[in-house]
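Have the sequence and the 3D view open as you read.

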Amino acid sequence: MIKHPLARALAALGLALAAGTGSAAAIEFDNPLVLQRADPHVQLQADGNYYFTATAPEYDRIELRRARDLNALRAAETRVVWRKHEAGPMSHHIWAPELHRIGGKWYIYFSAGRADAQWDIRPYVLENASDDPLKGDWKELGRIDTGWDSFSLDATTFEHKGKRYFVWVQCCRTPNEPMNTSIYMAEMNSPSTITGKTVLLTRPEYAWEKVKHAVNEAPAVLVRNGKVFLTYSASATDASYALGMLTADADADLLDPASWKKSAEPVFKSSAANSQYGPGHNSFTTTPDGKTDILVYHARNYRDIQGDSLYDPNRHTRAQVIKWKADGSPDFGEPVPDRRRYATRTP
């Protein structure tokens with residue numbers, strides 16, 4: 001035991017200095033980062049900016065904002081780059097946009113329904129040739145054909161070992177298929193088309209994936225430590241919502257379902273102790289130096305919801321540092337509490 005006051009002070013100073021040298025413990029976020037923005041997607045680009053997009057609570061538009069600090073996203077300029085159509089395809093339920101830089105152009109992948117058939121949701125893509133995605137013209141490339149004309153959403157894309165992959169969510173491919181959503185993957189031969197075989201990666205199997213609704217959705221990919229980690233969200237969009245994870249070796253055939261191992265338990269779920277409920281639909285980014293991985297996700301700070309949770313607007317964007325286990329897999333811990341000055345429920 002350290003008894004001398006000076007010794008105790010020096011020990012405390014040493015701990016403080018250690019915490020300030022870029023360790024995970026030193027990184028804090030002003031949670032919630034952005035109010036009333038669900039399904040957040042953040043990428044750190046080569047210009048040093050974080051580019052942010054998410055689902056707007058009105059489900060009617062796609063916005064972009066950028067900042068050099070994640071904590072500055074809340075006050076960053078918000079630019080509406082696309083609005084829903086008045087009728088027909090892309091006229092309802094504008095969900096889960098993601099911004100990607102591919103081959104020197106910008107692409108936004110998103111899901112949309114129709115005003116006359118709001119659950120006829122399909123994946124679509126926009127393209128912008130400008131160097132600045134907040135400028136230039138966003139061209140509609142149309143719907144991405146997954147091979148089945150059925151409920152489909154939450155598309156993402158990633159490149160690995162020279163191949164680009166498309167990962168998405170699909171339901172009810174045949175009239176007799178159960179009403180649940182599963183996650184599929186295929187290789188891409190352009191930013192708007194897939195090629196070759198399509199494989200099923202995960203479907204709802206465990207009880208925690210089927211609370212109120214049988215759901216696997218919102219895939220996100222992180223490649224680290226010789227592994228490919230694919231997180232996804234499961235169950236209803238209330239406090240039941242939680243993250244699951246698939247893992248594959250980085251050298252494996254990612255289009256072989258046998259390459260993937262599924263976690264039997266959620267890897268990130270509600271925390272009553274921290275007043276965080278329904279964490280999910282995440283993306284991954286890093287600190288500006290690339291040394292620390294960050295989980296960006298949405299959650300509410302209350303459990304009880306009036307009416308349909310899908311239309312409660314208070315899924316706020318949050319972030320926290322990812323820790324790592326001895327086996328090289330991510331340790332997401334539990335959702336951290338909101339910082340006091342931001343811990344407010346938005347009407």
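Predicted model: local features only at pLDDT ≥ 70, side-chain atom pairs only at ≥ 80, totals over all residues.

## The three-stranded sheet

Start with an open sheet of three strands, ordered E17-E18-E19 and paired antiparallel. The edges are E17 (277-286) and E19 (316-321), each of which pairs on one side only. Going from one strand to the next, the twist averages 30°. If you want the background, strands of a sheet pair through backbone hydrogen bonds, either parallel or antiparallel.

Is strand E17 mostly buried or exposed? Buried counts as under 20% relative accessible area, and 10 of the 10 residues of E17 are buried, so the strand is largely enclosed by the rest of the structure.

E17 and E18 (residues 293-300) run antiparallel and are joined by six bridges.

## Histidine 41

Now over to strand E1 (residues 38-44), where you'll find histidine 41. Because its relative accessibility is 6%, histidine 41 counts as buried.

So what does histidine 41 touch, leaving aside residues up to four places away in sequence? The list is Tyr51, Phe52, Thr53, Pro97, Glu98, Leu99, His100 and Ser283. With leucine 99 there's a polar contact too: a polar atom of the histidine 41 side chain lies 3.5 Å from the backbone nitrogen of leucine 99.

How values were computed
Residues numbered from 1 in each chain as written. Heavy atoms only, no water. Pairing = 2+ DSSP bridges. Helix = DSSP H or I, 4+ residues; strand = E, 2+ residues; numbered from the N terminus. Axes fitted to C-alpha atoms, helices over the stretch in contact; angles between N-to-C directions. Buried < 20%, exposed > 50% of the residue type's maximum accessible area, 1.4 Å probe, protein only. Polar contact = N/O pair within 3.5 Å; in protein donor to acceptor, adjacent residues only side chain to side chain. Contact = heavy atoms within 4.5 Å.
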